[in-house]
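Please open the model in your viewer and keep a selection tool at hand.

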Amino acid sequence: MSLDLTGLSLGPELTDVMQRLTQVGAELQRLIARNGIDGDLGASAGTNAGGDGQKALDVLADEAFMAALQDSAVAYYASEEQDDILTFGSGALALAIDPLDGSSNIDVNVSIGTIFSIYPAAKTAEASFLRPGSEQIAAGYMIFGPQCTLIATFGHGVLQWVLDPNSGRFERLADLPRMGPETSEFAINASNKRHWPAPIQAFIDHLIAGADGPRGRNFNMRWIASLVAETHRILKRGGVFLYPGDSRRGYERGRLRHVYECAPIAFVITQAGGAATDGYHPILDAIPDSLHARTPFVFGTAPKVRRIARYHDHPEEAALIPDEHLHR
Ligand SMILES: O=P(O)(O)OC[C@H]1O[C@](O)(COP(=O)(O)O)[C@@H](O)[C@@H]1O
Ligand SMILES: [Mg+2]
Ligand SMILES: [Mg+2]
């Protein structure tokens, strides 16, 4: 057993799938630590279904998860790296996965990870994933960084484990506390500013104006370009993340993928007391129209996420709403 699930009643199928996911995670952390010794995990390795360039580690991670899950309770496997949903058998579960998130960071030794999302299998492969994220029964991510951490939700708060490199086992830590309402950090790829829609431009302009602007206080910015690392920081110390749709060709719906990136992160964040939207509507209520569909994505501390929605309704007043009026 690679994962301490003591005291959790997940049922035999989900327990087994979590064990298999974390076995692969522990192996990926080991391989990543040896990058450059045997080969280059950041080397180009083709193009995936979504048209993104693949790195050697993208392909290797996808193959490792596929091999580990083929004879498990996973009936349907939907991966960022596969054109179509794969059918493994007649098990009770459907698993969507971003096998390697943050690939642009592989060759610069910055945190990367795996994002997973689990549903009860539906009648067909498509129906198992093209459904509201609120129907997920489990979701989370592993981060491959200074520590290998697993964050997961099974619908009752957010749990965390850390991989003990001595034993190869994920040890459970205290559950994550709920996110507080206060925060002063935001995350967005600001190089795209000229392409953003007006409400996002106004929101960010007001944050950057700091104490001299309508918000009347200073804010701080971070951008790692690994969704897992950004999520982890926001879970631990609050803040807000934005990848809006923009006017670049192919980015009308942003960059991030609904099924295997945004829905699972939204499940984790809302279970931690935060909020997750497409800028306006809750992500967990939306139904993606295809496996690799993109969605604009805003998540983090709930009042901040709600304020961004207000910039769409009332851009002139949104900056002036007191935080305490955004608690619901
Ligand atoms: O390079 P950009 O446009 O800032 O995008 C960064 C985003 O792209 C991603 O790397 C996409 O994920 P993949 O590496 O799985 O394709 C996210 O982790 C990150 O938030
Ligand atoms: Mg990703
Ligand atoms: Mg990926």
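This is a predicted model: local features need pLDDT of at least 70, side-chain atom pairs count only at pLDDT 80 or more; totals for chains, interfaces and linings use all residues.

Residues are numbered from 1 along each chain as its sequence is written, and chains are lettered from A and ligands numbered from 1 in the order in which they are written.

**First stop: a helix pair**

Select residues 12–33, helix α1, together with residues 56–69, helix α2, whose axes lie 10 Å apart at an angle of about 145°. Helices here are DSSP runs of H or I with at least four residues, strands are runs of E with at least two, and both are numbered from the N terminus. Axes are lines fitted to C-alpha atoms, for helices over the stretch in contact, and angles between N-to-C directions run from 0 to 180 degrees. To see the contact itself, show Val17, Arg20, Gln23, Val24, Glu27 and Leu28 of α1 with Ala61, Ala64, Phe65, Ala68 and Leu69 of α2, where contact means C-beta atoms, placed from the backbone, within 7 Å of each other. These residues divide into 8 nonpolar, 1 polar and 2 charged, with Ala, Val, Leu, Ile, Met, Phe, Trp, Tyr, Cys and Pro counted as nonpolar, Asp, Glu, Lys and Arg as charged, and the others, Gly among them, as polar.

Stay with α1 and look at its ends: the C-alpha atoms there are 32 Å apart, which agrees with the 32 Å that 22 residues should span at 1.5 Å a residue, the expected span being 1.5 Å times one less than the number of residues.

**Second stop: Ala26**

Is Ala26 buried or exposed? Ala26, which sits in helix α1, counts as buried because it has 22 C-beta neighbours inside 10 Å; the term buried requires 20 or more other C-beta atoms within 10 Å of a residue's own, exposed means 12 or fewer, and partly exposed lies in between, with C-beta atoms placed from the backbone. Other buried residues of α1 include Leu14, Met18, Leu21 and Leu28. Leaving aside residues up to four places away in sequence, Ala26 touches Ser2, Cys148, Leu163 and Gly168. Pro165 is 139 residues from Ala26 in sequence, yet their C-alpha atoms are 8.6 Å apart.

Now select the open sheet whose 8 strands run in the order β4-β3-β5-β6-β7-β8-β9-β10, with mixed pairing; two strands pair if DSSP finds at least two bridges between them. At the edges are β4 (86–87) and β10 (169–172), each with a single partner strand, so one side of each has no neighbour in the sheet.

Centre the view on β8, residues 148–153, which runs antiparallel to β7, residues 138–144, and is joined to it by 6 bridges. Met142 has Leu150 as its bridge partner, and Gly140 stands opposite Ala152; the hairpin between β7 and β8 passes through 3 residues. In β8, 6 of 6 residues are buried, with Cys148, Leu150 and Ala152 on one side and Thr149, Ile151 and Thr153 on the other.

Moving on to β9, one finds antiparallel pairing with β8 over 5 bridges, including Ile151 opposite Gln160 and Thr153 with its partner Val158. The hairpin of β8 and β9 has 4 residues between the strands, and Gly155 in its turn has a positive phi of about 95°. The β9 and β10 strands pair antiparallel over 4 bridges, and in their hairpin Gly168 takes a positive phi near 75°.

Finally, select the open sheet of 5 strands, ordered β12-β11-β13-β15-β14 with mixed pairing. Its edge strands, β12 (220–221) and β14 (275–277), each pair on one side only. Strands β13 (240–243) and β15 (297–300) run antiparallel and are joined by 4 bridges, with Gly300 the bridge partner of Val240. Helix α7, residues 302–313, packs on this sheet, touching β13, β14 and β15, and its direction makes about 30° with that of β14.

Key:
Two residues are in contact if their C-beta atoms, placed from the backbone, lie within 7 Å.
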